[in-house]
Amino acid sequence: MTVTITAFERSPDGGRGLARDTRVRWALEEVGQPYEVRLVSFRAMKEPAHLALHPFGQIPTYEEGDLALFETGAIVFHIAERHAGLLPDDANARARAIMWMFAALNTVEPPILELQTARLQEGDKTWCEERLPLVENRVRERLVQLSTRLGDADWLDGAFSAGDLMMVSVLLRLRASGFLDEFPNLAAYVARGEARPAYQRAFEAQLAVNTGKPRAG
Ligand SMILES: N[C@@H](CCC(=O)N[C@@H](CS)C(=O)NCC(=O)O)C(=O)O
């Protein structure tokens, strides 16, 4: 059955892979599921046709037959459940991989998004100078904890899973901030994720949309 996802017609990041369609593309690439992409403009995202798919007027969405999904956690989980390769067979290991997906989205991503908001949207506020260090500390605290748990392992819990896919996707949002440089094991973890051929294909596909050509080198 054809799978169709939505993505930005023009991503605000210019194709650095930070728009959330990248994590869905990555999951689809990991399991070898071909997919089509419908590009949407910011205006179209707020119009009834798209709102019928995504009540919050965002991307990505996922359509497969008469199933329509939004929220990358739900989409990646659905892909991982339907195909081999992203969730372990062992029931307990599977539950832990799902736990890491939730941890990425509910515990690690929120302070990272808060940091982006503080830097990009609140930088001109009088209180920003006082607030920013607090937000930065919340990010750093999460990274210390995650770094401690990861230790020198390649992945969070045994073999690569949807939990790693989501965690790497979330951490990638921090790259420009330099935070990852403070945690060599997390930087290496992210690099391992990015080195996966499936990630590379996902990245190139979203880049091609945004630049009209694949990344050089
Ligand atoms: N929690 C949602 C977040 C979706 C989201 O924030 N999408 C962004 C692109 S990465 C978006 O559509 N932003 C435009 C907007 O909110 O108007 C998910 O994981 O799918």
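Q: Which element supplies the largest share of the lining of the largest pocket?
A: This is a predicted model, where local features need pLDDT of at least 70, side-chain atom pairs count only at pLDDT 80 or more, and totals for chains, interfaces and linings use all residues. Residues are numbered from 1 along each chain as its sequence is written, and side-chain values use heavy atoms, without hydrogens and water. Two helices, α2 (42–45) and α5 (91–120), each give at least two residues to the lining (helices, H or I, of at least four residues and strands, E, of at least two are DSSP runs, numbered from the N terminus). The largest share, 10 residues, comes from α5.

Q: How much space lies in the largest pocket?
A: On a 1 Å grid over the protein atoms alone, a pocket is an open set of points with protein on both sides within 12 Å along at least five of seven lines, a cavity is a set where a 1.4 Å probe fits but cannot get out, and lining residues have an atom within 4 Å of a point. Points are joined across faces, edges and corners, and a volume is the space filled by probe spheres set on them. The largest pocket has 33 lining residues. Its space comes to about 960 Å³.

Q: Which residues lie nearest the centre of the largest pocket?
A: The lining divides into 16 nonpolar, nine polar and eight charged residues (Ala, Val, Leu, Ile, Met, Phe, Trp, Tyr, Cys and Pro count as nonpolar, Asp, Glu, Lys and Arg as charged, the others, including Gly, as polar). Nearest the centre lie Leu18, Arg20, Leu113, Gln116 and Arg173.

Q: Where does the ligand sit?
A: A molecule sits in a pocket or cavity if more than half of its atoms lie within 2 Å of its grid points. By that test, the ligand sits in the largest pocket.

Q: How many residues of the shell around the ligand are charged?
A: The shell (residues with a heavy atom within 4 Å) consists of Phe8, Ala19, Arg20, Phe42, Met45, Lys46, Gln58, Ile59, Glu71 and Thr72. Five of the shell residues are nonpolar and two are polar. The charged ones number three.

Q: How far is an oxygen atom of the ligand from an N or O atom in the side chain of Thr72?
A: Polar contacts are pairs of N or O atoms within 3.5 Å. A ligand oxygen is 3.1 Å from an N or O atom in the side chain of Arg20. For the Gln58 side chain, the distance is 2.9 Å. For the Thr72 side chain, it is 2.6 Å.

Q: What percentage of the accessible area of the ligand does the protein cover?
A: On its own, the ligand has 510 Å² of accessible area (Shrake-Rupley method, 1.4 Å probe).

Q: Which peptide bond is cis?
A: Its second residue, Pro60, lies in the loop between α3 (48–51) and β3 (61–64). Omega is near 0°. The bond runs from Ile59 to Pro60.

Q: What is the phi of Glu71?
A: Glu71 lies in the loop between β4 (67–70) and α4 (72–82). Glu71 is not a glycine, yet its phi is positive. The value is about 80°.

Q: Which helix gives the largest share of the lining of the second largest pocket?
A: This pocket holds about 190 Å³ of space. Its lining has 12 residues, with Arg16, Leu172, Arg175, Glu194 and Phe203 closest to the centre. By class, five are nonpolar, two polar and five charged. The largest share, three residues, comes from α9 (residues 197–211).

Q: What is the volume of the largest cavity?
A: The whole structure has two cavities of 30 Å³ or more. The largest is lined by Gly17, Leu18, Ala19, Arg20, Thr22, Arg23, Ser169, Leu172, Arg173 and Tyr199. Helices α1 (21–31) and α7 (162–172) each supply at least two of the lining residues. The volume is about 70 Å³.

Q: Which element gives the largest share of the lining of the second largest cavity?
A: This cavity, of about 50 Å³, is lined by Ala7, Phe8, Ser11, Ala19, Asp21, Arg25, Gln206, Val209 and Asn210. Two or more residues each come from β1 (3–8), α1 and α9. The lining divides into four nonpolar, three polar and two charged residues. The largest share, three residues, comes from α9.

Conventions
A polar contact is a pair of N or O atoms within 3.5 Å; within protein, one must be able to donate a hydrogen and the other to accept it, and residues adjacent in sequence count only if both atoms are side-chain atoms.
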